[in-house]
Amino acid sequence: MAVQKLSVSLDEKVVARARRAAEREGLSLSAWLSKAAEEAAELAEARAALEEYIATYGEPDLETAAAARAELEAVGWGKPIPPEDIEANRAALARLRGEIPPANDTEAIGESTQEPTDKQYRKAG
């Protein structure tokens, strides 16, 4: 990944808070600021997409929004993936990559005691 150095000016209190947050996450200030900028850019792009959608199609009515939420919930969208499914997904990915795991998949990928992260969600299939 190519990086670009730049100089920015931040309020002293913001810098102090950012340093503390970076330290808590075990990141350099530069890495933490890069992560924060990426998250902010993603949010700004999502808001722009929503504005474009509304400009094109109008605001969804409450009934339509409720129906869409119900459909997403019905297929499990937004629910954490159970650890056993994460392990099965890892084994399947290893097979797709051409890695040949032992007969017992848990030996190939290791027993996971880690809880799913907030970014590991079941997607609609």
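How much space lies in the largest pocket? Here are my notes on this predicted model, starting with that one.

1. The largest pocket holds about 440 Å³ of space. Its lining is made up of 13 residues, and Q4, L6, S30, L33 and S34 are the ones that lie nearest the centre. Sorted by type, the lining residues come out as eight nonpolar, four polar and one charged.

2. Next, look at how the two helices meet. Helix α1 covers residues 12–25 and helix α2 covers residues 29–57; they pack at an angle of about 100°, and their axes are 9 Å apart. Angles of 65 to 115 degrees count as roughly perpendicular, so that's the label for α1 and α2.

3. Which residues make that contact? From α1 you have A18, R19, A21, A22 and E25, while α2 brings in L29, W32, L33 and K35. The contact divides into six nonpolar and three charged residues, with no polar ones. Keep an eye on L33: it takes part in this contact and also belongs to the group nearest the centre of the largest pocket.

4. With 29 residues at 1.5 Å a residue, α2 should span 42 Å, and because its end C-alpha atoms are 42 Å apart, the two agree.

5. Finally, see what follows α2: G58, which has a positive phi, near 85°.

Terms used. Residues are numbered from 1 along each chain as its sequence is written. This is a predicted model: local features need pLDDT of at least 70, side-chain atom pairs count only at pLDDT 80 or more; totals for chains, interfaces and linings use all residues. Side-chain values use heavy atoms; hydrogens and water are left out. Axes are lines fitted to C-alpha atoms, for helices over the stretch in contact, and angles run from 0 to 180 degrees between N-to-C directions. Helices (H or I, at least four residues) and strands (E, at least two) are DSSP runs, numbered from the N terminus. Angles under 35 degrees count as roughly parallel, over 145 as roughly antiparallel, 65 to 115 as roughly perpendicular and the rest as oblique. Contact means heavy atoms within 4.5 Å. Ala, Val, Leu, Ile, Met, Phe, Trp, Tyr, Cys and Pro count as nonpolar, Asp, Glu, Lys and Arg as charged, and the others, Gly among them, as polar. On a 1 Å grid over the protein atoms alone, a cavity is a set of points where a 1.4 Å probe fits but cannot get out, and a pocket is an open set with protein on both sides within 12 Å along at least five of seven lines; lining residues have an atom within 4 Å of a point. Grid points are joined across faces, edges and corners, and a volume is the space filled by probe spheres set on the points. The expected span of a helix is 1.5 Å times one less than its number of residues.
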